[in-house]
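Q: Please take a close look at one part of this model. I would like the charged contacts first, then the strands around them.

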Amino acid sequence: MVKFLLLALVLGLSCAHHNNPDITPSEVDGNWRTLYIGADNVKKVLTGGPLRAYFQHMECSDECQTLTITFKVKVEGECQTHTVVGRKEKDDLYMTDYSGKNYFQVVRKADDIIIFHNVNVDNSGKETNVILVAGKEDSLNKAQKQELKELANKFNIPNENIQRLEPTGLFLDIPLLPCVMETLKLWIFGSGSFFTCSSRS
């Protein structure tokens, strides 16, 4: 009960801070990549962390009451593809299951840029605030970077926890490329061991 009240407080403060923008299928549908990601529990979004999501594709239906996101993660040396379906509930929050429960919302949008805030509640009940920038380009301009820092501060995410993800999503027509690139980095700079790739929904 206490955790539920704390979660409600976090999400309530989030809504109070932001006039969350609406999204439309024409703005959302298509290929995307994760440009930046950060969290108050930074281990969750480091390489190998369960919330380090490399976005690939987004699509919404029913006037964006449902948002489907396909992304890749690398957990315990295995590169996996996941597809989750977020269903909009009250206060423009989407809810979906992945590595626990997730309550996410769009907090900013611009030309080919969407910034999400997510509260992940893992299977042990631990909450993690995550901010993620999805884009169709491969970078942010100076003003957008400053806005990202300000948003992260409002969600109590230290700026030093925000990471730039490599633009592996440039090659979205090659589904396994993010896995291959991560493998090469491990092989050349790390232990030299390889990992496998799989698809999951």
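How many salt bridges does the structure hold?

A: The structure holds 5 salt bridges. A salt bridge here is a side-chain nitrogen of Lys or Arg within 4 Å of a carboxyl oxygen of Asp or Glu. This is a predicted model: local features need pLDDT of at least 70, side-chain atom pairs count only at pLDDT 80 or more, and totals for chains, interfaces and linings use all residues. Residues are numbered from 1 along each chain as its sequence is written, and side-chain values use heavy atoms, with hydrogens and water left out.

Among the salt bridges is the one between Lys109 and Glu27, at 2.9 Å from N to O. Lys109 sits in strand β7 (residues 101-110) and Glu27 in helix α2 (residues 25-28), so this pair ties together parts that are 82 residues apart in sequence. Helices (H or I, at least four residues) and strands (E, at least two) are DSSP runs, numbered from the N terminus. Lys109 is partly exposed, at 34% relative accessibility. Glu27 is partly exposed too, with a relative accessible area of 32%. The cut-offs: buried is under 20% relative accessible area, exposed is over 50%, and partly exposed is in between (1.4 Å probe, protein chains only).

Glu147 pairs with Arg108, with the closest N and O atoms 2.6 Å apart. Glu147 belongs to helix α3 (residues 142-154) and Arg108 to strand β7, so the contact ties together parts 39 residues apart in sequence. Glu147 has a relative accessible area of 28% and is partly exposed. Arg108 is partly exposed at 26%.

Asp97 forms a salt bridge with Lys101, at 2.8 Å between the closest N and O atoms. Asp97 counts as partly exposed at 47% relative accessibility. Lys101 does as well, at 36%.

Now the strands. Strand β3 (residues 54-61) pairs with strand β1 (residues 30-31) in the antiparallel sense, over 2 bridges. Pairing requires that DSSP finds at least two bridges between the strands. Gly30 stands opposite Met58 in β3. β3 also runs antiparallel to strand β4 (residues 66-75), joined by 7 bridges. Cys60 has Leu67 in β4 as its bridge partner. The hairpin of β3 and β4 has 4 residues between the strands, and Asp62 takes a positive phi near 55° there.

The cut-off for a disulfide is a pair of cysteine sulfur atoms within 2.5 Å. A search of the whole structure finds 1 disulfide. Both Cys60 and Cys64 are buried.
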